[in-house]
Structure formats: C-alpha cells, structure tokens
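Dear colleague,

Here is the structure you will be working with. My notes on what was found in it follow below.

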Amino acid sequence: MLVVKNIVKSLGGRIILHHINFCLQKGEIIALLGPNGAGKTTLMRCLSGFYTPDEGKIIWQDADLAEDRLRILKDFAYVPETGGLYPEMSVYEYLAFMAECRHLKPEEFADNLVYLTKALDLEAVINQKCETLSKGYKKRVVLAGALLSRPGFLILDEPTEGLDPQQKQHLRAFLRQYGKDKIILISTHIMEEVAALADRVLLIKDGRLICDTTPEDLKKIVPDNNMESSFCTIVGN
Amino acid sequence: MIRDILIFWAKEFRFYFQSRMIYLVLLLYAAISVGMTLYVSDFYQNTTAGLYQFFKFQPGIMALIIPALTMRFWADEYKHNTLEIVFSQPVDYAAVAIGKFLAAWSITGIMLISSTGLWLVVGVMIPLDNGWIAANYLISFLMSGSLCAVSAAAAAFCYNALGAFLASMIAGMLLATVKISLWVENLLPDNAAIAELSKVFDFTRQFDDLISGQAGVAAGVYFLVLTAAGLWISVAAAEYKRS
C-alpha cells in the first residue's frame, strides 16, 4: 500500500502541490488527470523519489520514502513522458545498465530481459542504438528498463503517447495484466485510456486533489455520461 | 555506494570510447604536450633528469583539455531527460557524481600514460632519473584529479554542454595558470603572513614545488583536499538542480 500524506512541494518560490493526500492499494490502476500545469508531473516526480517534498510523507509498506529512499526505490519505477534513453547505447546496453542501477542479479536480469523483450515486442531492436529507434520503440524501451525489477509501484507519464493504435492496444493489455498485483499510476490526457485501463481516477487542479473517484462515477457527473465532458466540467469549475 | 560508483564510472568511461571523442582528446593532448616541451620550453638547452620541461606545462594543458571531458556530465542528462530516470533509481546522488568524475580522471590517466613515449625516447638519448619521473607522473595524475573535480563542479552549474565547457575552462585556467601568491606578494608586499598563506592556495606553486622535489606531503594533501572540495560542490550542485 502506498500512502501519500499531506504533500507540499514548491518550485522556484511557487507552491505547486498543496497538501495532497491519498492512498493507493495493490491491484489498482490509477489515472492521474488534470489540466496542463496542474502539478501532475511534480506529483509523479515526488512519488518517484526524484523530488523531495517540502512537507508531508510518502509511505510505502510502512516505510517513509524520505528516510529509506534507496530501499524503497528498488520497488518503484518511473517512466517520464519524453526522453529517458541514452542515445549512444544499444537497447541491450541500456537495459543492462538499468539492471545494474536496480542491483539485479545476472540471472534475474536474463529472465526479465527475455520476458520483457517478448512482452513489449523489442526482440527485433535489441542490438539497435537507442538514437535510431522510432518514438514507439523508445517509449517501450524506457518502460522495459523500468519494469526490469518488476516494481510494485509503477509511475507512467503519458505511456501511450507516440504509439500507433495497435501498439496502444498491446501496451494497455500488458499493463492490465501487470497491474493485477501491482500499483500503476498513469498520467494521461486521453480519456479513452482512462476508460480502458483505470480502476480509479485522481483529478488535480492548481496543485490540489479535487476529485478521487472511479471512471464510471466520473462519467455520471454530466447528463450525457461522457468522461471528457465531466473532466471539462470539473476543471472548468 | 562503491558498487553504484563503479556502475556510473563504467557507463561514462565506455561512453568516451563510443563517442570517439576520446581519440581527438588524446591526439590533442599529445600534440600540445610534446609541442610545448620541445618548442616552447628550454628542453634542448637544459633537459633536467626529472623532465621538468614536460611536467611544468601539465596544469595548463590539463585545464584546457579536461573541460572537454566534463562538459557533458550533466548537460547530456538534461538534454536526453535521463536525469529523472537516474535520480529515481535506488542509487546515491553522490555515487553518480563520483562515478562521472572518476571516468574523466581515468581518461587523464590514459592521457598521461600515452605521453610516456617521450620519456622513453629521451631516456635512450640522455640519462634520466626514472624514479623522479615516475613520481612526477603520479603527481601530475593527482593534479589532474583536482582539475577534473573543479571542472566537474563548474559544469554542474550549467544546463548545456557549451556553457559547461566554458565554465569549466575558466575555472581550470584560473586555477592552473594564475600564480596567486605572486599577485598577493605584489599587491601586499609588507604582509608576510598573507603572502605565506597565499602560497598554500597557489595551485601552480604547489605543483611546481612538487615536481621539482621542493615540497612534501602537505602539497599532496592540498590536491586531495581540492579534489574533495570540487566533488562536494559537484554533488551539492546536482542535488540543488534536482530539487
């Protein structure tokens, strides 16, 4: 279980996150929604350990991220919206480097490499330089790097951005399977993705958590049962 | 921590060879080192047994070359948005900075080794004090570590490679070519205590004294302290930029 307690984060003298509180359970796929500049990326960076919150705590299985950072981060993984690859490395070198960073044993790396390259369809590009990959492949390589240690908490920023419809479908199926016994937090602007993947929706605006509901209940906010209209209604007000 | 340092050292070290930039750096270093020794110093008139004419130029040459090794330490991490990935891994921030520093320092070691050809050639022609020269190589390696740390610290404050290169070069050049103690002696001729203190902080003086056999352990400690200070600033700057 992940508990976010009263998180406050300022950047450049401006408060980006105001006292955010929520709790995520194993087996949940959570969509993090909000207009641009709402603080979604800052929140994800706090959860990934990249930023240290000014106030509040992030608690993972009864341990505080601020106090036990290195141990807890072994169970967390973060995939940013863009970049995240070293262009001069081949896909294999990148994954091997990520495995080293996550302190995986060689046999664990070998097992997970076989599983992930197959699951994310990376076999054809395993020896290719990262800089030569298409956007869709780049996204999947970063995701594979994040999943090497089979983290219990996966944070994804716009995971299907740049993927073609078939790849999107494939990735969503993979995430649904992976999320059965893990926690996945996804930041997205695509309502179709929320409907297809999420069990729960967290909506933030101006750095405040303004809605914590299910996709079904979110739709019911407007008479036409449309998630996009509901989102606009909440954010607009 | 040691394991994390080695991971980042290996990654950065491999990169130098993958990018092929290293060959240009090695060539440039060899050309400048040999050129300065043979054509700028009094090498042909007064070759010392410790090859002083070669080593005395090392701080300036290293200050010129090392920024090319450290400029992309953090700039590339920003450019490719890999900093978020790296700092959300279960690794210590300090291990990342130290690993990068050690990779650059290792390259300076290779640069120095590549220059031993001059030692061998001169040694065939005239008698040299090989023990002294070997010690001077170690001193030069120690000095290059200090410059790598200072250069890494300067680069950590910049977001792009060009800015990092210029900042590193200015910091390195100021340290390695400006004789602070001479300035202080000229500016404050009557203040012996300050003049004496300025000698302690004078990079070129400490190095010159070491390679000419006039200084002891204290000068070595000076370079180690400077390296540690540079690394500390580098780690602090990286952490500051992250947050």
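**Contacts between the chains**

In this predicted model, 24 residues of chain B are in contact with 32 residues of chain A, contact meaning heavy atoms within 4.5 Å. Residues are numbered from 1 along each chain as its sequence is written, chains are lettered from A and ligands numbered from 1 in the order in which they are written, and side-chain values use heavy atoms, with hydrogens and water left out. Because the model is predicted, local features need pLDDT of at least 70 and side-chain atom pairs count only at pLDDT 80 or more, while totals for chains, interfaces and linings use all residues.

The size of an interface is often given as the accessible area lost when the parts come together. Here the area buried between chain B and chain A is about 2,600 Å², with carbon and sulfur atoms giving 57% of that; buried area is the accessible area (1.4 Å probe) that two parts lose on being put together, summed over both.

Between chain B and chain A the count is 1 salt bridge, defined as a side-chain nitrogen of Lys or Arg within 4 Å of a carboxyl oxygen of Asp or Glu. B:E84 and A:R45 form a salt bridge through their side chains, at 2.9 Å from N to O. There are also 12 residue pairs in polar contact between chain B and chain A, both residues at pLDDT 80 or more. A polar contact is a pair of N or O atoms within 3.5 Å; within protein, one must be able to donate a hydrogen and the other to accept it, and residues adjacent in sequence count only if both atoms are side-chain atoms.

On the side of chain B that touches chain A, α1 (2-18) and α6 (83-86) of chain B each supply at least two residues. Helices (H or I, at least four residues) and strands (E, at least two) are DSSP runs, numbered from the N terminus. The largest share of that side, 7 residues, is from α1(B). By class, that side has 10 nonpolar, 7 polar and 7 charged residues; Ala, Val, Leu, Ile, Met, Phe, Trp, Tyr, Cys and Pro count as nonpolar, Asp, Glu, Lys and Arg as charged, and the others, Gly among them, as polar.

**Cavities and pockets**

The whole structure has 3 cavities of 30 Å³ or more. On a 1 Å grid over the protein atoms alone, a cavity is a set of points where a 1.4 Å probe fits but cannot get out, and a pocket is an open set with protein on both sides within 12 Å along at least five of seven lines; lining residues have an atom within 4 Å of a point. Grid points are joined across faces, edges and corners, and a volume is the space filled by probe spheres set on the points.

The largest cavity holds about 50 Å³ of space. Its lining includes A:Y86 and A:E88, along with B:K11 and B:K100. α5(B) gives the largest share of this lining, 4 residues, and by class the lining has 2 nonpolar, 1 polar and 7 charged residues.

The largest pocket has a volume of about 300 Å³. Of its 18 lining residues, A:E81, A:T82, A:G83, A:G84 and A:K138 lie nearest its centre. Helix α5 (residues 135-147) of chain A gives the most to this lining, with 4 residues.

Regards
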